[in-house]
Amino acid sequence: MAILIDRNSKIVIQGITGREATMVTKHTLAYGTKIVAGITPGKGGQDVEGVPVYDTLKAACREHELDTSLVYVPPAFVFDAVMKAIANGIKLILIATENVPQKDAIKFLNIAQQRGVRIVGPNSVGMISPGERVKLGAIGGDNVERCFVPGPVGVISRSGGMTAETSWMVKRAGYGVSTAISIGGDALIGSSIKDLLALFEKDPETKAVVTYSEPGTSFEEEAAEFIKSGGFTKPLISYISGRFTESMPEGTVFGHAGAMISGGTGKPSTKMAKLKEAGAYVLEKFDDMIPTLKKLLG
């Protein structure tokens, strides 16, 4: 099994005729994932790798049953794309676009929550469920099996690139991934670690979860409280990067927009302490993941 996406997902790509979206479409279809439709205003009637293109999402929904959207539009147009997806009944929206205006993100994340719509991202490289041969976004590229093979370990990563590296470590340990999710590197994102742990808890085939975290936000502290309250009972292995940032001036942004310590919030040392206190297996070194997985999963 998997969370969020599986072989029954009915996927539409908003902005499908753009350069990156076209490449992602080709790689996704080659992996075996079905893409039902694509949207680019003014390009209706064309196709991308055999996927029919429509001028509007409304027009696509008249011809197809759709429930999952991958958004590949410029930052200024993400709000409109998300609102159209919500209005047309899409229940899962993954936003690949980075540097989405925060005023727009605040609005569409609030509306999505009110409407019961799940958003992953912005600035997400994607998600993948290898056992279902379904991927959403650029994740895995054109050589998916290098890092992503089926197995019992869920992966949650703030970093897109480290989603792949973490999954590769899981593979090196002799296991595979149920679902791997890049939650996005922008300052405001739709799905937190806690949100996804709740889904992995309900997935009978996920036996453990690995998280890769960065400085900034209180996601790890929230996850720790969730574990302590009994919301997540499976083994959680966590690696917190960027401990050197605590010696730098407060407010300095490291890499992603969300990787910032401010007002005492977001310190890697605090995250590590809270997770350890909650019973998570907090790694001192990234390479410690392999022996830790072997110890926990046998």
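## Strands side by side

Which residue in β4 is the bridge partner of Ile-39? In this predicted model, that partner is Tyr-54. Look for the two strands involved: β2 covers residues 35-39 and β4 covers residues 51-54. They run parallel and are joined by two bridges.

Strand β4 also pairs with β3, residues 47-48, again through two bridges, but here the strands run antiparallel. Across this pairing, Val-48 stands opposite Val-51 of β4. The hairpin formed by β3 and β4 has two residues between the strands, and Glu-49 in this hairpin takes a positive phi near 55 degrees.

## Aromatic rings that meet

Now let's turn to the rings. A pair of aromatic rings is described by two things, the distance of the centres and the angle of the planes. The count of aromatic pairs here comes to three. One of them is Tyr-239 with Phe-286, an edge-to-face pair with 5.5 Å from centre to centre and 65 degrees between the planes. Tyr-239 belongs to strand β13 (residues 236-240), while Phe-286 is in the loop between β14 (281-282) and α9 (289-297), so this pair ties together parts that lie 47 residues apart in sequence.

Are these two residues buried or exposed? Tyr-239 and Phe-286 are both buried. Ring pairs also bring in Tyr-212, linking it with Tyr-239 and Phe-286 into a cluster.

## Charges over a ring

Find Trp-168 next. The charged end of Arg-146 sits over its ring, 5.4 Å from the centre. Arg-172 lies over the face of Trp-168 too, at 4.9 Å from the ring centre.

Conventions:
Residues are numbered from 1 along each chain as its sequence is written. This is a predicted model: local features need pLDDT of at least 70, side-chain atom pairs count only at pLDDT 80 or more; totals for chains, interfaces and linings use all residues. Side-chain values use heavy atoms; hydrogens and water are left out. Two strands pair if DSSP finds at least two bridges between them. Helices (H or I, at least four residues) and strands (E, at least two) are DSSP runs, numbered from the N terminus. Rings of Phe, Tyr and Trp (its six-membered ring) pair if their centres lie within 6.5 Å; planes under 30 degrees apart count as stacked, over 60 as edge-to-face and the rest as tilted. Buried means under 20% relative accessible area, exposed over 50%, partly exposed in between (1.4 Å probe, protein chains only). A charge sits over a ring if NZ of Lys or CZ of Arg is within 6 Å of the ring centre and within 35 degrees of the ring normal.
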